[in-house]
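Have the model open as you read along.

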Amino acid sequence: MKIAFVGEAMIELSQSANDRDAVNLSPAGDVYNTAVYLKRLAGSKADISFCSAVGNDPYSDRIVEFLEHEEIATGDIRRDETRNCGLYAIATDESGERSFYYWRDRSAARTLFETDRETAVLEMFDAVFLSGITLAILGDDARRRLMEKLESLQKRSGLQVIFDSNYRQRLWLDTDAARYWTGQAWAMADIALPSLDDEMDLFGEQSESEVMQRFRSYGVRTGALKRGGKGAISLGEEPVSVEPPTVMDVVDTTAAGDSFNAGFLAGILFGRDAAGSIALAQQTAAQVIRFKGAIVPRPDWDRLISEKSFEI
Ligand code: ADP
């Protein structure tokens, strides 16, 4: 299965634990995080490419190097000559509350899909994963070009579209545009991976049943609605929910939803049913939130695998 992950990877700056003037640099981003965790879980069962644009700066080099280290193909990453990769910083106050600050308005990824040649790359894949953040950072024409391409490939060659809305209000010019494009993506999605909070926030719904009703109206047959510590519920004919593992030592919930997505997709690739895929997704997220930052360091991950923390 050849899967394209389409989105923006940025450099994350986080304060080092012992010295508030020292920072750690690491690549991150919603689609990027999901790609990394899916490859780690699925190994040779998934042939994963990251499709994006980065700059010619050393930090962009770091993003590409990290992807290659994770055995994710980077041939479809364009190097923009005039822009750099985006950047964000996490500040943590005395009580442990985190705030995020972004420098991404002029990032290279903002120039994605400005030509038909760039969307043509997607013809090579069986599935495409993208998020509402991917859509939000694109200009109007590029967004329309991408969505039309996905729709035509879906009809022509059975491309599978996988979507997570990851609604971030400040990335969108206005709520109407966010609702319109997110709605279009949900209606198109073969696998839908929404979060309850994001959906209620964007669509102004008051309850989970309203959200579930809307997903029925799109005709979504595969996917899961993430509900934080409460455990996810499957989308489709007969929704099933799965009790999530209890996590006593939650350190940082960054990338909880992204790693959940990866676990769910790995479950589907392994031929599991919805409940089995949710179980793997929840186990994956439960481990990721025990570590600081979006990506669990490779040695820790390898230890989790050897301790059989996931039932793969
Ligand atoms: P998002 O990060 O997209 O907002 P959620 O907050 O719903 O998504 O979290 C995604 C998944 O992470 C949940 O479905 C659950 O499996 C797991 N998760 C999040 N918080 C907890 C928690 N406190 N305990 C156990 N699992 C959690």
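Phenylalanine 113 is buried, at 2% relative accessible area (buried is under 20%, exposed over 50% and partly exposed in between, with a 1.4 Å probe and protein chains only). This is a predicted model, in which local features need pLDDT of at least 70, side-chain atom pairs count only at pLDDT 80 or more, and totals for chains, interfaces and linings use all residues. Residues are numbered from 1 along each chain as its sequence is written, and side-chain values use heavy atoms, with hydrogens and water left out.

**Positive phi**
- Phenylalanine 113 has a positive phi near 60 degrees and sits in the loop between β7 (98-103) and α3 (116-120) (DSSP runs: helices are H or I of at least four residues, strands E of at least two, numbered from the N terminus).
- Glutamate 71, also not a glycine, has a positive phi of about 65 degrees.
- Glutamate 71 lies in the loop between α2 (58-69) and β5 (77-79) and is exposed, at 62% relative accessibility.

**Largest pocket**
- What lines the largest pocket? There are 46 lining residues, with Arg168, Thr253, Ala255, Ala256 and Gly257 nearest its centre (a pocket is an open set of points on a 1 Å grid over the protein atoms alone, where a 1.4 Å probe fits, with protein on both sides within 12 Å along at least five of seven lines; lining residues have an atom within 4 Å of a point).
- The largest share of that lining, four residues, comes from α9.
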